[in-house]
Every structure is written in structure tokens, then in C-alpha cells.
Amino acid sequence: MIFQKCIACGEKYDADEIIYSCKRCGDILDVKYDYDLIEAKIKKSNWQNLPLSVWRYRDFMPIRDPSKIVSLDEGGTGLHSCQCLGNTLGVKHLYVKNEGENPTGSFKDRGMTVGVTKALELNIKTVICASTGNTSASLAAYAAKAGLQCIILIPSGKIAYGKLAQAMIYGARVVQIRGNFDNALKMVLELSGKHREVYLLNSINPYRLEGQKSLAFEICDQLKRESPDRVILPVGNAGNISAIWKGFTEFHKLGLIEKLPKMTGIQAEGAAPIAQAIKDGKDEIVPLENPETVATAIRIGAPVSWKKALRAIRESDGTAETVTDEEILEAQKMLARSEGLFVEPASASSIAGLKKLLEVGKIGKDEIVVCVTTGHGLKDPDIAIKISEKPSEVNAEIESIEKLLGLTRTISVPVVSR
Ligand code: F0G
């Protein structure tokens, strides 16, 4: 038995009701299961022999009809042991879960494979989202694969070029809004409420978050059913931190892991309503009118899943921190140069946050830490070029290149005759 339930008043809704917020109190919804049924299912199924991917965890997903699954082979991303960076930062066990390895280059694909499959189960023909870039890239790809119409609303001039290119090439109807992400989200909420045939796939749709919880399952399986002590990730609209926490709690409920990690959310200083509420010990956030950060993916002032995120952080005994744009870009370079992992600025905020929390002693050096890097570096090539040393240019002559590289002294190798 699967159903939807309001996170505030507990009102229940049928699994197939197209609804994005509670009719009684207006709060957001969660997908609920009968865990005894899941337990019975996983005892009989061969899920543990399947390759690491979102659909390895099919028994934990709210999909009835496997023939409807829309997949681009998402999930199964690397959990990279980052000894060198760990040594530099002063933590013994550091892993990076690199979500840029997903088909469209971000963690959103985990959500979209489930969300778009649900759309097919509901016989939907058109999907819509607002986005800072990655959600739109992912939805456009999965809609293309599923043969659905796709409408995307983005903040004009404020999304990274790689992401815009993706949405356009996958054939979505792209509409630029003269406003920010929060304005765009308001518009799609209204549109999908008014025009019921247009299905909303922002993270307010709880089915999308069901796919994203697979990230937690994978971490547990990659660590041989150990849970890390701490999971650190960037927070924007706050769906992902909520989804990952749900994943860990479900594995725990089913007896698949013994302990739970501390969820640690990182926000950019200019867009940090959740981190601020945690710091102030408040139960509500104060939304920002004009969020600003170089990490455009998380340039969000009124995160829709703020309540779920505050719960995840507090229930897990975690924390939240802010980082400056400078710290984000420094961390982006550091990760690329010490571990060979090129991630977009928003993703690097998890590393910047780890650095800061280690420095102030809020994270212990013996903790097993997993930083989630949410999107690929090539999504935002302009930033990478801007913050790196410029390439040199010389004529195509050996002498010029030798001079440039300081390879002027030639070493003569003695010829050995036998
Ligand atoms: N990292 C990246 C690279 C993102 O694209 C996003 C969100 C986040 C982190 C934050 O995740 O919203 O679940 O807290 N991007 C959305 C988008 C808003 O439209 O692509 P969150």
C-alpha cells in the first residue's frame, strides 16, 4: 500500500491523486509505504545481485508497472575515496559521491527516472518544471526519452550555459522568466494547478524525491552496509537533503544499516535561509527576496522543502553552514587538483562546508564523511575558465615551447657501444 501524506497535518491522499500540496493545510506531501510489505518483497527478490543503480532499489520505489520505467541508466555513481584531499583538510576518511556521473550530469536524474515513470503511469502527456538549470536539463532528457512534451521556466540570464544547452538540444519548450528561480517556481505551481494536464516535476512532487533517496541506499551499499558518520551536501530548494535522509531512515527501518548519519546542509552565504534558521535555532525560515551567489544552481531564496530539510538536519543531529562564493570556488579548484574530480560550483560548496566545519571543530577528524557533489563541472565551463590560470600561447616552434616551459638545457645521453 502506497499513499501520499501531508508532512504537517497528516492528511492522506491516494497514490494516484495528482496533488502537490495538502488540500487541508497547504503543506507539502511525502510518499508513504507499508514497510512490512517492502520487507517481504526484498526478502524474495534478487535486488542485492543487481548492479548499483536507481532501479536496483525497485522494491523501495512507488512504481507499480515496471514496463513503464523510463531509464537512461541513472545512479551507480562513484563513491571516491579522497585520501589526498582528506589529508589536506584534516579528516581521516573522506569520500566524494560524485553525482556528475549521472546521464545528464547531475543527481536530478535519480528523481526524474521515477518522476517521469510516474507521469506515464498517470497517463500524462506534458511535464513542466522551474529550474536553476539541472532540473530542466534532466527533465528535458527524460521527457524526450518518454515521448512527452516538456515545458521549462528558467531565470533569464542566470543559468549556466551547459545546462541551457542541454534543455535546448533535448527539445524542451524553454521559457526565460524576467525574475529569479523563486518567481519561476511560483509560476509553474500556478500553471500546474490551473491546467491539470500539465504535470509538475519540481521536487515539491514527492515522487521525484523517491528516486533521489536512492543516493543514500547506494552510499550504504558502497560502504558495505555501513552508514557514514556524516553526509554533507549543498542545499537549494531543499529536496535532496530531505530525500537522502528519507533513504537512510528507510534502510535503517528495514534493518539494513545499524546507525544513521548526521545530515549537514551547506548553503551559499547570499542564499542561506535554511542555514540561517538552523544557526538561529528557529523553526521557520525567513525567505530572501534577492538571493545571490556564483553557485547559480543554489541561488534560491524561498526553498519549497524547507520544513523537510530542517527536520532532516535536526532529527539526524546534523547541522548547516554557510560558505562564501570565494570559499566555494577555492574548494572547486582544490577538489579538481587533488582528486581529479571536476564539479560545478554549487557541488563544491559541500567541500567548502567540510573545510569550514573542520576548522571550527564542528566535525571530528575521525568521522567517516561523505560529501555529495551534485553536478558536473562542465555544466558551467565559464566559471572554470574564469578561475583558472590562462593558457599560454606561442608559435609552433620547439625552441619557443622549450623556453616557455623552462626546458632549455639539453642533456646529452652518452651512447654506449658494446
Ligand atoms: N546542487 C546542484 C548542482 C543543483 O542543481 C541543485 C538544485 C542543488 C545542489 C540543490 O538541491 O534543490 O534539492 O536542495 N538545483 C535545482 C534545479 C534547484 O533547478 O536544477 P536541492
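This is a predicted model: local features need pLDDT of at least 70, side-chain atom pairs count only at pLDDT 80 or more; totals for chains, interfaces and linings use all residues.
Me: OK, take α3 and α4 then. At roughly what angle do their axes cross?
Reply: Helix α3, which covers residues 108-121, and helix α4, which covers residues 134-146, have axes that cross at roughly 40° and come within 9 Å. That angle makes α3 oblique to α4, and the crossing of the two is right-handed.

Me: Which residues make that contact?
Reply: From α3 the contact is made by Lys108, Asp109, Met112, Thr113, Val116 and Leu120, while α4 brings Asn134, Thr135, Ser138, Leu139, Tyr142 and Ala146. Sorted by class, the contact of α3 with α4 has 6 nonpolar, 4 polar and 2 charged residues.

Me: Switching to the ligand: how many residues surround it, and which are the closest?
Reply: The ligand is surrounded by 21 residues, and the closest are Ser131, Thr132, Asn237, Ala238 and Thr374.

Me: And what lies 2.8 Å from a backbone N or O atom of Thr135?
Reply: An oxygen atom of the ligand lies 2.8 Å from that backbone atom of Thr135, and Thr135 is also one of the α4 residues in the contact with α3. For Asn237, a backbone N or O atom lies 2.7 Å from an oxygen atom of the ligand, and for Ala238 a polar backbone atom is 2.8 Å from a ligand oxygen atom.

Me: Now helix α9, please. How far apart are the axes of α9 and α11?
Reply: The axes of α9, residues 239-253, and α11 are 8 Å apart, and the two helices pack at an angle of about 45°. This makes α9 oblique to α11.

Me: Is the crossing of α9 and α11 left-handed or right-handed?
Reply: α9 passes α11 in a left-handed crossing, with Ile241, Ser242 and Trp245 of α9 in contact with a set from α11 made up of Lys308, Ala309, Ala312, Ile313 and Glu315. The residues of this contact of α9 with α11 divide into 5 nonpolar, 1 polar and 2 charged.

Me: What about α10 and α11, at what angle do they pack?
Reply: Helix α10 (residues 273-280) and helix α11 (residues 306-315) pack at about 45°, with their axes 11 Å apart, which makes α10 oblique to α11. The crossing in which α10 passes α11 is right-handed.

Me: Which residues of α10 meet α11?
Reply: Ile274, Ala277 and Ile278 in α10 meet Trp306, Ala309, Leu310, Ile313 and Arg314 in α11. By class, this contact of α10 with α11 has 7 nonpolar, no polar and 1 charged residues.

Technical notes
Residues are numbered from 1 along each chain as its sequence is written. Side-chain values use heavy atoms; hydrogens and water are left out. Axes are lines fitted to C-alpha atoms, for helices over the stretch in contact, and angles run from 0 to 180 degrees between N-to-C directions. Helices (H or I, at least four residues) and strands (E, at least two) are DSSP runs, numbered from the N terminus. Angles under 35 degrees count as roughly parallel, over 145 as roughly antiparallel, 65 to 115 as roughly perpendicular and the rest as oblique. A crossing is left-handed if the near helix is turned anticlockwise from the far one by less than a right angle, and right-handed if clockwise. Contact means heavy atoms within 4.5 Å. Ala, Val, Leu, Ile, Met, Phe, Trp, Tyr, Cys and Pro count as nonpolar, Asp, Glu, Lys and Arg as charged, and the others, Gly among them, as polar. A residue is near a molecule or strand if one of its heavy atoms lies within 4 Å of it. A polar contact is a pair of N or O atoms within 3.5 Å; within protein, one must be able to donate a hydrogen and the other to accept it, and residues adjacent in sequence count only if both atoms are side-chain atoms.
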